[in-house]
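Please brief me on the two-chain model shown here. Keep it short and group the points by topic.

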Amino acid sequence: MSGYSITDPTRRQKWIAGTLVVLYALITIMPLLWIFMTGFKSPVDAIAYPPKVTFQPTLEGYVNLFTTRTRVAPEQLAALPPPETWYEAIVRNRNMVIAGPSRYGQRFLNSVIIGFGSTFLSVFLGTLAAYAFSRFRVPLKDDLLFFILSTRMMPPIAVAIPIFLMFRTLGLSDTHLGMILLYTAVNISLAVWLLKGFIDEIPREYEEAALIDGYTRFQAFYKVVLPQAATGIASTAIFCLVFAWNEYAFAVLLTSGNAQTAPPFIPTIIGVGGQDWPAVAAGATIFLLPVMIFTILLRKHLLRGITFGAVRK
Amino acid sequence: MAEIVIRNLRKDFGDFNAVEASSFTVQDGEFFMLLGPSGCGKTTTLRMIAGLEMPTSGQILIDGEDVTGKPASERDIAFVFQMFALYPHMNVRRNISYPLISQGMPREAVRKKVAEVAAILGIADILDRPVGGLSGGDRQRVALGRAIVRDPKAFMMDEPLGALDAEFREHMAEELRALHDRMNATTVYVTHDQLEAMQMGDKIVVMNHGVIEQFGTPQDIYDKPATQFVAEFIGSPPMSFLPFSGTVAAGAGSVELEGVELPVPQLREGARGDLVFGVRPEHVRLSDSARYRARVLATEYLGTTQIVTLESPNGVLKARIASDQPVTVEQTVGLEFNARTISLFERKTGRALVSELNEGVLKNG
């Protein structure tokens with residue numbers, strides 16, 4: 001028996017590797033699980049010590065997340081007609097009535113508009129630029145590519161103040177367009193470089209065949225190159241979306257009311273009517289869902305994307 | 001179907017000259033081979049004819065029409081790529097029908113035409129398969145199907161057999177030639193394989209370093225090479241060269257090597273200095289009485305014939321003789337050459353001297 005083999009592990013090696021992976025997965029998933037559970041706890045259970053693992057689940061956190069409430073005196077509460085909905089009933093239990101919807105829904109919508117908007121723009125522009133860099137003789141090609149890459153050579157937040165001033169002058173502060181442009185500017189270099197790698201791998205002959213078959217250059221790009229680049233486009237889109245969705249610093253700096261995204265909003269829930277951890281956890285859980293769904297939908301592409309080009313066919 | 005005329009076609013990539021002012025004509029219905037070693041400019045020439053590469057200067061006429069500045073899509077030409085370049089996200093049927101769809105042909109007509117082409121190529125049973133799992137030969141047939149479905153003016157083929165197994169290549173070459181004969185389509189075919197070129201082509205252009213060395217029928221190119229490069233590139237084993245120094249006059253019918261008069265085709269031009277005596281292995285006979293002597297270095301048995309490597313006073317040469325003729329290594333033998341087939345070259349330029357043999361076919365470039 002020879003010592004170690006990666007392709008043909010022994011039972012013991014498999015067992016150890018499996019245990020390590022499961023352990024790592026548990027450690028990673030624990031905070032997420034905790035947030036998910038906290039979202040369904042009552043405020044008392046959420047801060048109980050020692051922490052509770054089993055508890056009576058309630059939707060109070062979610063109700064609090066989506067509503068604003070006012071406290072009323074017990075005698076006033078008794079005078080009101082019985083609650084019409086289940087969430088009204090939950091709120092009444094705390095001696096409160098619903099005053100109106102919270103701003104979470106709108107902030108979440110902002111995140112969707114800005115996140116997906118900038119992702120679409122980054123991938124759209126990135127694909128066109130990458131195709132041009134990959135296929136045509138662009139003057140100063142290498143310098144331009146280096147310039148595009150150089151925009152990623154320092155943390156974006158390092159230029160926060162110039163961007164803040166620029167946005168104020170241009171009237172882009174606290175607008176959806178401003179945030180979309182900003183996130184696109186940050187993501188575009190990643191998109192161009194990633195996609196250029198993918199498009200470089202697609203043989204030119206496919207397009208040339210299409211050109212010969214009577215299609216224009218654009219039709220050849222659209223009908224032959226794009227389907228081939230789907231994997232690259234999908235994984236680039238995930239990277240772009242994850243950045244734009246999670247971005248916090250610029251969102252705090254440049255948005256306040258109109259275009260504020262969910263990340264800067266969620267912490268502000270804490271201040272509304274005491275330390276409402278279940279509402280914060282509920283907000284975080286809902287905020288996680290779109291990226292999770294997006295990633296799960298595209299995970300096949302993502303896996304292929306990461307290993308793409310690693311193996312020469 | 002169409003005649004293709006190439007006039008002074010030139011292509012530069014930056015400082016690099018890929019194709020030097022080339023001119024030739026592909027007759028209507030001809031199977032035309034562009035032959036040469038890799039990097040000789042043959043593929044670039046083909047791509048210029050197809051419109052995938054724009055020439056630096058020169059003219060391309062297809063069917064009398066100047067298409068030099070036209071994009072590929074307007075030239076009505078089909079192209080078969082070396083790696084086939086089948087659209088990987090489409091099945092066989094869609095691959096073949098793709099050129100028809102671009103013309104806006106009605107669906108029913110497309111179906112009929114694709115079925116017809118599939119029947120010709122014997123791929124009717126795989127029409128609904130994805131192209132990913134096909135064998136090399138079937139991919140080749142699908143690529144051909146995509147080319148012929150449109151009834152284009154001409155076919156361009158860039159080493160279409162290069163990606164196939166050796167044994168299958170032979171079979172496919174026959175199939176290709178049969179297909180050509182059936183459709184009588186003007187075909188320009190690029191290859192680096194001289195056997196393939198000889199086997200399939202009506203005419204061959206031999207290129208080297210962007211320059212056309214010779215243009216003619218396979219027989220002419222084999223028997224009457226215009227340059228030493230052609231003589232060496234064509235034939236297996238290639239022509240043997242015996243360098244010598246001397247003077248030959250126009251009208252002379254022999255040259256002198258090491259004091260031995262060797263008859264050659266009557267020369268139409270004179271030359272002096274460093275020359276080369278070129279002879280194909282099958283035109284060398286071993287004869288005890290011959291005065292030009294050589295020593296046997298090695299023999300290779302090939303079934304009906306054997307190749308004998310000989311060392312003569314002017315250098316090493318090969319002879320192809322019947323395999324039953326006894327030859328032993330180290331033996332010294334006399335050599336006789338078939339005088340009508342001898343080519344003489346200038347050593348410096350590699351150019352063949354004009355003689356009775358080749359005066360009709362020598363047109364360079």
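In this predicted model, the centres of domain 1 and domain 2 of chain B are 40 Å apart, taken over C-alpha atoms. The domain assignment puts domain 1 of chain B at 4–223 and domain 2 of chain B at 238–346. Chain A is also divided into two domains, domain 1 (60–102) and domain 2 (105–307).

**Chain B overall**

- Chain B has 8 helices and 20 strands.
- Its C-alpha atoms fill a box of roughly 75 × 45 × 35 Å along the principal axes.
- Of its 365 residues, 42% count as buried.
- Among contacts in chain B with a separation of 6 or more, 66% join residues 24 or more positions apart.

- Strand β1 (residues 4–13) of chain B pairs with strand β2 (residues 16–26) of chain B. The sense is antiparallel, with 7 bridges.
- K11(B) has V19(B) in β2(B) as its bridge partner.
- The hairpin of β1(B) and β2(B) has 2 residues between the strands. In this hairpin, G14(B) takes a positive phi near 65 degrees.
- β1(B) also pairs with strand β4 (residues 57–62) of chain B, again in the antiparallel sense, over 5 bridges.

**Helix α2 of chain B**

- Helix α2 (residues 92–102) of chain B is largely enclosed by the rest of the structure, because 8 of its 11 residues are buried.
- The buried residues of α2(B) are V92(B), R93(B), N95(B), I96(B), S97(B), Y98(B), P99(B) and L100(B).
- Their cover includes α3 (107–121) and α4 (136–148) of chain B.
- Just after α2(B) comes G104(B), with a positive phi of about 75 degrees.

**The five-stranded sheet of chain B**

- An open sheet of 5 strands runs in the order β15-β19-β16-β17-β18 (chain B), with antiparallel pairing.
- β15 (284–286) and β18 (315–322) of chain B are the edge strands, and each pairs on one side only.
- From one strand to the next, the twist averages 45 degrees.
- Within this sheet, strand β16 (residues 292–301) of chain B pairs with strand β19 (residues 332–337) of chain B. This antiparallel pairing has 4 bridges.
- Y292(B) has L335(B), in β19(B), as its bridge partner.
- As a general point, strands of a sheet pair through backbone hydrogen bonds, either parallel or antiparallel.

**Chain A overall**

- Chain A has 16 helices and 2 strands.
- The radius of gyration of chain A is 26 Å, whereas a compact globule of 313 residues would have one near 20 Å.
- Its C-alpha atoms fill a box of roughly 85 × 70 × 40 Å along the principal axes.
- Of the 313 residues of chain A, 33% count as buried.
- Among contacts in chain A with a separation of 6 or more, 76% join residues 24 or more positions apart.

**Between the domains of chain A**

- The C-alpha centres of domain 1 and domain 2 of chain A lie 40 Å apart.
- Domain 1 of chain A brings 8 residues to the contact, and domain 2 of chain A brings 9 residues.
- Helix α3 (residues 60–66) of chain A gives the most to the domain 1 side, with 6 residues.
- That domain 1 side, which touches domain 2 of chain A, divides into 4 nonpolar, 2 polar and 2 charged residues.

**Where chain A meets chain B**

- Which numbers of residues does the contact take from chain A and chain B? It takes 14 residues from chain A and 17 residues from chain B.
- On the side of chain A that touches chain B, α10 (204–212) and α11 (217–228) of chain A each supply at least two residues.
- The largest share of that side, 6 residues, comes from α10(A).
- The residues of the side of chain A that touches chain B divide into 8 nonpolar, 3 polar and 3 charged.

How values were computed:
Residues numbered from 1 in each chain as written. Chains lettered and ligands numbered in written order. Predicted model: local features only at pLDDT ≥ 70, side-chain atom pairs only at ≥ 80, totals over all residues. Contact = placed C-beta atoms within 7 Å. Nonpolar A, V, L, I, M, F, W, Y, C, P; charged D, E, K, R; others polar. Rg over C-alpha atoms; globule rule 2.2 N^0.38 Å. Buried ≥ 20, exposed ≤ 12 C-beta atoms within 10 Å, placed from the backbone. Domains from an automatic or database assignment. Pairing = 2+ DSSP bridges. Axes fitted to C-alpha atoms, helices over the stretch in contact; angles between N-to-C directions.
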